[in-house]
Amino acid sequence: MEEARRTALLVGVGDNPGAEHRLPSLRATVDADLRAMKAALHGSGYTVHTLRDPQRNEITERVTTLSRAARADSTLLLYFTGHGVRIGDTDYLVPADGLAPADGDPDWDRPHIRESLLDADISRYVTDCGAGTVLWLIDACRSAEDGGEAAFGSHVTRGPRHGGFAMMTGCAPGERSGFAESGSFFSLALAHAFDPLTEATTVEQVYQWARQRTRELARRARTEPQQVLIRYGSDLEAETRGREVARGRRLLEAWLDVVRTPVLWDHVRDGDAEVVARLQDCLTSLAEDAARLVHHAQQRLPDPWADDEFPVRLLTDRLPLLLPKDAELSALEVTALIAGVLLHEAAWADRLSQAAELHPQHVRRDPGADDQRRHYEQIAEHHPQVAEKLAHWHWWESDPSDDRNAVTLWLVHNWIAERFATDEEAVPPGPANGFVARLLGAAPAEPTGRAAQLSTALRAVAAGIVLGAPPDGQRPPLPARHVVRKTPQRLRVRPLAALLRLAGLLAFDTRRLPEVLAEHLVVSDPVVPRDVITVLRDAVWDLDRLDQDGGAPSYLHLDAVCRHPALHAALTELVEGADELGYALRETAQRLPDDEGGLLRNLPARLTDHRLRPDEERGLAAYDVPPARFSLAQTEIRRLLMGKRLYDGKPSLALRELYQNAMDACRYREMRVRYLRGCGKGAPGLGGRHPYRDGRGQPGPVRRVRGQRRRHERRPAEGHLHPGRAAFRPVPLLPPRAGRLAASRPVVAAVPQQPVRDRRVQLFHAGRRHDHRDPPGGHGRTPGREGAAGGDPSERKSVPGAGGGRVGWGGAAGGRDAGPAVSARPVHAHRGFVSRDTAGPGPGQRVRPAGAGRGRPGTELAAGAPPGRRQRDRGRRGLGRRGGSRHPVVGRRRRRHRVRRHRHRPDPLRLRPQSDRYARRRTQREPQQTGELRHQVGP
């Protein structure tokens, strides 16, 4: 393992009892140095051994033991912090039992003093060392006795015989190593250099980083400058410079650069330079804390989707595209933008650490799971196609692979994103409260008053990256100005959060990519997370302005080269979402006050992916554009959802679903009432304000087909309901002289609701056609809206005439539609249906439902029509020679006559022009079908 190949010995001497009269105590400084170095070396994979205030023999014995135990190609790091002196041309380190000359005696060159000190040349102790690289780091140039032109340790140039050697000291000749209670400048710089959050990995890179950092710390402390020096062994110098001695990562360095980026601070007026410097120092501490949280979380749960440059892209590239160039921001607002991104990363890292305890590679339900685990299981169930890739988790544990780990972390990141919306606190208050305490110069404690309000405002800005701007009615409302170090400053939370939300989408967070990318993991041609991160880092938004005067941008085009079609589809989806959000923000800006809406006036008019293109391999595109996608077959879906296959021919399933939906509605109603009562509100009444309607809107014109013969039509297709099989409920019996009593006592007959399976074959519902083409009431006539003579016009729908007129759908004599088409002959009931020969229905007779009978239901011929046509119509209605032989609806001839019409669709090229009579009656159709049919017999 890598940790076994790196060993470090840290020696710290803060107290020298035998030399305290000449050398001051360094206890606090040495303790801080040891803590910083130990933490940094642990992060770089070192096995650390520490000696605190050891004697000379303890130091030499431990150095010899570790050098002999070092394996080949390993790294041995030896570090000393304390006092050091130069006697003659030899450098010495002062151990805990070291001696010093008496006061007033400047002579250190005495035998007993030399023998109590440790020679800085440790070559004789590492002669038998088998390590490939030995680093000897000395932070001990603090004694006033060191002088002369030679630097401390200038004669130490020998190391192990078969390995590289390098010695690094904290200052140049004539300089002193600066220090404070927080630690020595050189030791703190070394700790930063070995920190895994920096990008220094080789010996030369560690030296350059420590040199730069030491100079910076000395300048901040306003002390004498000091220069870090390094000396390599006499052999293998070139190889030693390139030896890797630390884990490197550009996380912290990049984030520290963002803190002081001028692209945002240029929006602050010039008079706030001192305030800006103080705020930047606070942001630097926040960046270090957030970076450390992220690093530790990713050590617990390695994340292949981690992109350290996402905050950098967001703040230095995407956000300036959205901000107006002349926008003036307060120093606190720029601080809120930078701190919001860092707090967002800290919140994400905190939840990533919690996910490590959930065993996220196991997606099956755990009966004893806690709330967080159950929430993760719900996320996995919401993405079954992704979660099924982890079904064989025992294989994954025995043979882990990057692809399966990427699937697991994709689910984890979706769980984290959901927690931003579901948790009571979207951003945990801990890091925000500590940052506010440093910002206000207060002691770290639970914030109250102004500190609490500022912490809430900063967390609202941070949550905006995921959730957007806070709602309008937030309670309690956040103040528009906050006092920082006795200076009131403006903080516009809503527009800042909205800008971060859109900028986050434009920066492409790899942790929140669409599902199409996760579906292409663990397949034959998988998506590689490293390639995805590379493409997103290289993506550029090309700004296209309509005017050249620096006005509002017109378009932002995504310019990116993709290596996989799944990434192309994912970026297209993200761009569409960003475009919709930009439109919503532009609409919102019009309703905001001028000072808040002004920050959103530079938003692009459109965001497109027109310059998103595939990569080329050997002169050919890596994939076709647009990428191939699977879609459902619409014909098969219609057959599945609109035919017998929906419920597999079992009506009980449909009834059960209807019953379950009704029960769910009742439960929701009950929960809603309980909630309203718990809030002290009254439950609203539940009334039937929405009438039930079934069917289509107003039908189109009735047309006839030339040469169509109904008697020779074929049977209906299988699956269509036959209109003759509709089971009508019995019509109530009418007393004698019903035609005279109906005006005062209407009679109602209801027809049950049944589904309409085909447009050409429709059941007998109120207000719609019975036959496949003609409405009841005549050739080409519509169901009459006319009521009985003298009736209320509002009741004129589905009301058949009676009495001196006819029982049909055209209306009674004297109605609005009375005319040549209304027969003046009386009608009578014949076998339960109305005939033409009597004055009205007799005892025990029923009223024929409108439209029932042979031939065209409800057909009436005008008086004086040709006898052949009238006799033919009587035969079709079951009158005359064949009258009453069979039920007119279910009769064999009628059924054959009707269903044949099913197969012959009218040819629109052969439609006959309609007469004026049909055109006039076409305008009097029933608007929509209802679930209930009412027959009213009028006078």
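This is a predicted model: local features need pLDDT of at least 70, side-chain atom pairs count only at pLDDT 80 or more; totals for chains, interfaces and linings use all residues.
Good morning. Let me begin with the protein as a whole. The model contains 28 helices and 20 strands. Its chain has 939 residues, and 49% of them are buried.

I turn now to a sheet. In what order do the strands of this open sheet lie? The order is S4-S5-S6, and the pairing of these 3 strands is antiparallel. Strand S4, residues 84–87, and strand S6, residues 118–119, are at the edges; each has a single partner strand, so one side of each has no neighbour in the sheet.

Let us follow the pairings one at a time. Strand S5 covers residues 90–93 and pairs with S4 through 4 bridges, in the antiparallel sense. Within this pairing, Ile 87 has Thr 90 of S5 as its bridge partner. The hairpin of S4 and S5 has 2 residues between the strands, and there Gly 88 adopts a positive phi near 70°. The pairing of S5 with S6 is also antiparallel, and 2 bridges join these strands. Here Tyr 92 is found opposite Asp 119 of S6. As you look at the strands on the screen, please keep a general point in mind: in a regular strand, side chains alternate between the two faces of the sheet.

Next, the helices. To describe two packed helices, one gives the angle between their axes and the distance between the axes.

Helix H7 spans residues 251–259 and helix H10 spans residues 310–322; their axes come within 10 Å and cross at roughly 20°. An angle under 35 degrees counts as roughly parallel, and H7 and H10 are therefore described in that way. Their crossing is left-handed. Which residues of H7 and H10 make the contact? H7 contributes Ala 254, Trp 255 and Val 258, while H10 contributes Pro 311, Val 312, Leu 315 and Thr 316. By class, the residues of this contact are 6 nonpolar and 1 polar, with no charged residue.

The second pair is H17 and H18. Helix H17, residues 450–467, packs against helix H18, residues 493–507, at an angle of about 30°, and the axes are 7 Å apart. These two helices are therefore roughly parallel to each other. The crossing of H17 and H18 is right-handed. On the H17 side, the contact is made by Ala 457, Ala 460, Val 461, Gly 464, Ile 465 and Val 466; on the H18 side, by Val 493, Ala 497, Leu 500 and Arg 501. This contact divides into 8 nonpolar residues, 1 polar and 1 charged.

Where is Arg 485 placed? Arg 485 lies in the loop between strand S12, residues 481–484, and strand S13, residues 487–490. The relative accessible area of Arg 485 is 33%, and this residue is partly exposed. Leaving aside residues up to four places away in sequence, Arg 485 touches Arg 278, Arg 438, Leu 439, Leu 440 and Gly 441. Gly 441 is 44 residues away from Arg 485 along the chain, yet their C-alpha atoms are separated by 7.4 Å.

That concludes my presentation. Thank you for your attention.

Notes. Residues are numbered from 1 along each chain as its sequence is written. Side-chain values use heavy atoms; hydrogens and water are left out. Two strands pair if DSSP finds at least two bridges between them. Axes are lines fitted to C-alpha atoms, for helices over the stretch in contact, and angles run from 0 to 180 degrees between N-to-C directions. Angles under 35 degrees count as roughly parallel, over 145 as roughly antiparallel, 65 to 115 as roughly perpendicular and the rest as oblique. A crossing is left-handed if the near helix is turned anticlockwise from the far one by less than a right angle, and right-handed if clockwise. Contact means heavy atoms within 4.5 Å. Ala, Val, Leu, Ile, Met, Phe, Trp, Tyr, Cys and Pro count as nonpolar, Asp, Glu, Lys and Arg as charged, and the others, Gly among them, as polar. Buried means under 20% relative accessible area, exposed over 50%, partly exposed in between (1.4 Å probe, protein chains only).
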